[in-house]
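Please consult the sequence and the three-dimensional view below before reading on.

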Amino acid sequence: MRALTPSRRYLSFARLTFYFILSVPFLAYAEQQTQPSRTKVSIKGLETIEIRGFRDSAVKSLREKRHHNGVSEVINAEDIGQFPDKNVAEALQRLTGISLFRAQGEGERIGVRGTTAEQNRTYLNGQYLASSDWWISSLPSRGFNFTLLPSEIVHSVSVLKTPQAKHDEGSLGGAINITTPSPLDNYAPRTVLAAQLQYNDLSRAFDPQFTLHSEWQNSAHTLGVIVSYTHNQRSVRRDGLESWGWDDRHFSQQGTRLYPLLEEQNPAQSIQLWSPGGGGSAVFQQQRELNTLMIAAQYVPNPRWRFALTSLYSHLDADNTNQNFLWQPSNVYARGGHLSDYHVIDNVLAYGAYTQVPADNPSSQPFNTAMEAIWRDSAIATTSNTLTATWQRGLWQAQYQLGMSRGSGGTREDHTTQFSANTAFRVDTRQRQNIIAEYEVAATDAQQWLLSDIRNDAQDAEDEQWYTQIDITRAVDHSVINKIELGIKARDHQRSFTRRRSIGGDYTGLAGDLGWRLSQFSAPFPEQYIRHIGSSDTLKRYAYADTQALAKQYRSIDFQQYEERPSRFEINERSLAGYTQLQVGADTWQGNLGVRLVATEQQAEAYAGPAHSGGTQSGRTHSGGTHSVANASTVQLGQWQQSRRRYWDFLPSLNLSSHLSDNLLLRLGAARVMSRPQYHHLMPSTNYNVTQAQGQGGNPQLDPYRANQFDAALEWYFNDIGLLSGTVFMKDIASFIEFERRQEEHEGILMTIDRPTNGAGGTITGAELALQHEFWYGFGVLANYTYVQGSREAHSAGTLNAIPGTSKHSVNFSVYYQQPLFDVRLAYNYRTRYATGVGETFMDNYGQLDASVRVNLTEQLQLNLDVINLNNEITYLYERSHLAPTGIYENGRRFYTGLRYTF
């Protein structure tokens, strides 16, 4: 990977700092125009709000929402280190209009108002927060990975649904701003210790969690420091049935048999069926260890100047294993086999009986399916550092911020072992939420499954941004205009991705030489596998591999890796944004109007050119018990190329709120918004998965998503914890990014490849209803409902035209009961199906129930009990039809118990 070199970083830093120098004349002018101030500025706020439970947290959140100029949602921590949920993303799902995207049963990313995660920016104290992904097949996303952020360090989270000119661009649905505690906000600094045990009823493991949060101030209350450290461990297990590679394939029909159509045959004489490329019964297990350190310092030397420094470092070890007993029609087709029997329903191949393949087929692979055992060494990290200096005198205020954020990591080693057989097999998807696979060679007979492939791959990514900005504000004594704001911000953003593959490990190479059988590495099969999925005919037990024993053998193998050039890319985005904004208002109304102008310079780099085979695979040698495979220098693909472009965005915005009465607010908003395409959509190359025979290509000439949006909200605050509100919104999107699915040959394999293009436009419209009510002190409900309707013009007959990330209906319902000695909360979240944006895949309806209990043993000691996914909801995905399931997963319940001590 070609990371940002030190010299390039320094040049970038110098370029960014130059814009700050330009701001100095503004400060000098302000200093000349302002008379010496005699007003003593208090370091502390006028009001200190003590948060001691869920109810009080709800009161403060409602107060902040009421005083925002635009349409927004707010969550506050119940106390230091006590966010309402174990995961920030899972807490956000409780808010009106927010959708949660889960991975391995944990909230990972957030969508706002029917948009996908990558179309919404996440900020830490108002600045970009970088992240990466540990999953070997993950493609770089602009959406933040919330598994890197423990909830214990969060003070509050705001979701800004209607933008202001001073807000960073890039969010189509809404911007998420995470605020950490400020060292001088609290008069009484304290230290908090918390320890918990987590238990997962699927992995059957207990895992420790620990938090230390300490605050300090000097006696003059002009210098404060916060140190917060969190250590979380989690044993993850996910049981599931999977399929992939669904596509419209052509077959020639001969009685009760189907043969894959050959290139020289006429498609007009064939039948076209929606059919799978492969699938299996999978057991995924992972050991997560998250360590997070946050240090914040604040210094106020005098009433004119304030300085703040916030640093965050979070590291997640995410080692994992995945074992999958496969059925692979793509191998049958490619190696001369066919279907001996089949059943078609609504043009879907819902049942197929697949034959063996000829032993002398051209691929020299005398197998048609496999059991795959994978173990991975994975880790990701994120770093954020922001320095803020604020100057204030009289009517003028200027704030300068300088910082960087970096996300990095991936899978350092991805070890794959396939044990194969040449067996007839049958696959049946006719039962809803079930995949039945049967094999003539028994899945439990480990002796019959022979080593066919051995690999050691790797993936690495880096996401880095440097930024500087200056914001200048002047209060105005005017009947309508209250404040003038203007600012400039420069960013230099680098995103890179590299994947490495090993070669020469198949049956004609190293695997054939080793000659292992699965019986040599047998291990006990996990208990209670897919206990709540499928039927008695579903494959729920098979020959299982001891990955530790395999890993021991791998140490003697000298794998030769090559860079998988089709997936390698670097994206550099430099942007310069300027804004001006007016804060306006009178006795009964207030608001802001402004415009943001953004210039973006994009440079996309990748390898492009004709795909070749993975290189010579016959150059294997043996030396001193160490196995070596083919020389990686034999692998070549295309030339490194650059694609550059520049574009501008003019983004006006208007937010108005009118006090129809003391407690009734009418809000109106209008804005032009934009969201840049995904990084891997911009790469001028192709990224694919060999086992699944599918992947995606890129297009560096893609335009961003651009939309005009309109909002109207009516909010009735009938007491300090009471709210009844309704909101309607509309987003008129100029162009969606769509995918054209093609069959392309890579590494000698016919693969299903999706390529992005700017397609038709459309609209997202919706309505939000929210109720927050306390029946008597300490007992109340929080409920909300979101309706979203997305529509766009059909871009291709017979393909999916749904807008990714859009659930038509979302419901949240929480009930709490709080007393001085304890408080209890039950929270239920439900969303209807939505398109994932990958091919034509839908995530089906999903509803999850969570619970929490807090018991105050003393004023300083608290007992905590939490349950996540109490109803053990099953995750279900399908592609185009319920007869084409792509994932049916069980993640289990999570139980937490622990103590929290404050002193």
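In this predicted model, helix α2 is the element that gives the most to the lining of the largest cavity, contributing six residues. That cavity has a volume of about 410 Å³.

**The largest cavity**

- A total of 26 residues line the largest cavity, and those closest to its centre are Val74, Arg94, Leu95, Gln772 and Leu782.
- At least two lining residues come from each of α2, β1 (72–76), β40 (762–776), β41 (779–792) and β42 (809–818).
- By class, the lining of the largest cavity comprises 14 nonpolar, seven polar and five charged residues.

**Helix α2**

- Helix α2 covers residues 54–67, 14 residues in number.
- From first to last C-alpha, α2 reaches 20 Å, which is close to the 20 Å expected at 1.5 Å a residue.
- The buried residues of α2 are Phe54, Arg55, Ser57, Ala58, Val59, Lys60, Ser61, Leu62 and Lys65.

**The second largest cavity and the cavity count**

- Two or more lining residues of the second largest cavity are given by each of β8 (191–200), β9 (205–217), β43 (822–831), β46 (846–856) and β47 (861–868).
- The lining of the second largest cavity divides into eleven nonpolar, ten polar and nine charged residues.
- The count of cavities of 30 Å³ or more comes to 15.

**Loop residues beside the strands**

- Arg204 lies in the loop between β8 and β9, and has a positive phi of about 55° although it is not a glycine.
- Because its relative accessibility is 44%, Arg204 counts as partly exposed.
- Asn872 is located in the loop between β47 and β48 (875–879), and its phi is also positive, near 50°, in a residue other than glycine.
- Asn872 counts as buried because its relative accessibility is 6%, under the 20% cut-off.
- As background to these two angles, most residues other than glycine have a negative phi.
- Asp185 occupies the loop between β7 (175–179) and β8.
- With a relative accessibility of 56%, Asp185 is over the 50% cut-off and therefore counts as exposed.
- The C-alpha atoms of Asp185 and His221 are separated by 9.9 Å, and the two residues are 36 residues apart along the chain.

**The chain as a whole**

- The protein chain contains seven helices and 50 strands.
- Of its 903 residues, 59% are buried.
- Among contacts between residues at least 6 apart in sequence, 74% join residues at least 24 apart.
- The accessible surface of the protein chain comes to about 34900 Å², and carbon and sulfur atoms account for 54% of that area.

Conventions
Residues numbered from 1 in each chain as written. Predicted model: local features only at pLDDT ≥ 70, side-chain atom pairs only at ≥ 80, totals over all residues. Heavy atoms only, no water. Helix = DSSP H or I, 4+ residues; strand = E, 2+ residues; numbered from the N terminus. Buried < 20%, exposed > 50% of the residue type's maximum accessible area, 1.4 Å probe, protein only. Contact = heavy atoms within 4.5 Å. Areas by Shrake-Rupley, 256 points an atom, 1.4 Å probe, with all protein chains shown as cover. Expected span 1.5 Å × (residues − 1). 1 Å grid on protein atoms, 1.4 Å probe; cavity = no way out; pocket = protein on both sides within 12 Å on 5 of 7 lines; lining within 4 Å. Points joined across faces, edges and corners; volume = space filled by probe spheres on them. Nonpolar A, V, L, I, M, F, W, Y, C, P; charged D, E, K, R; others polar.
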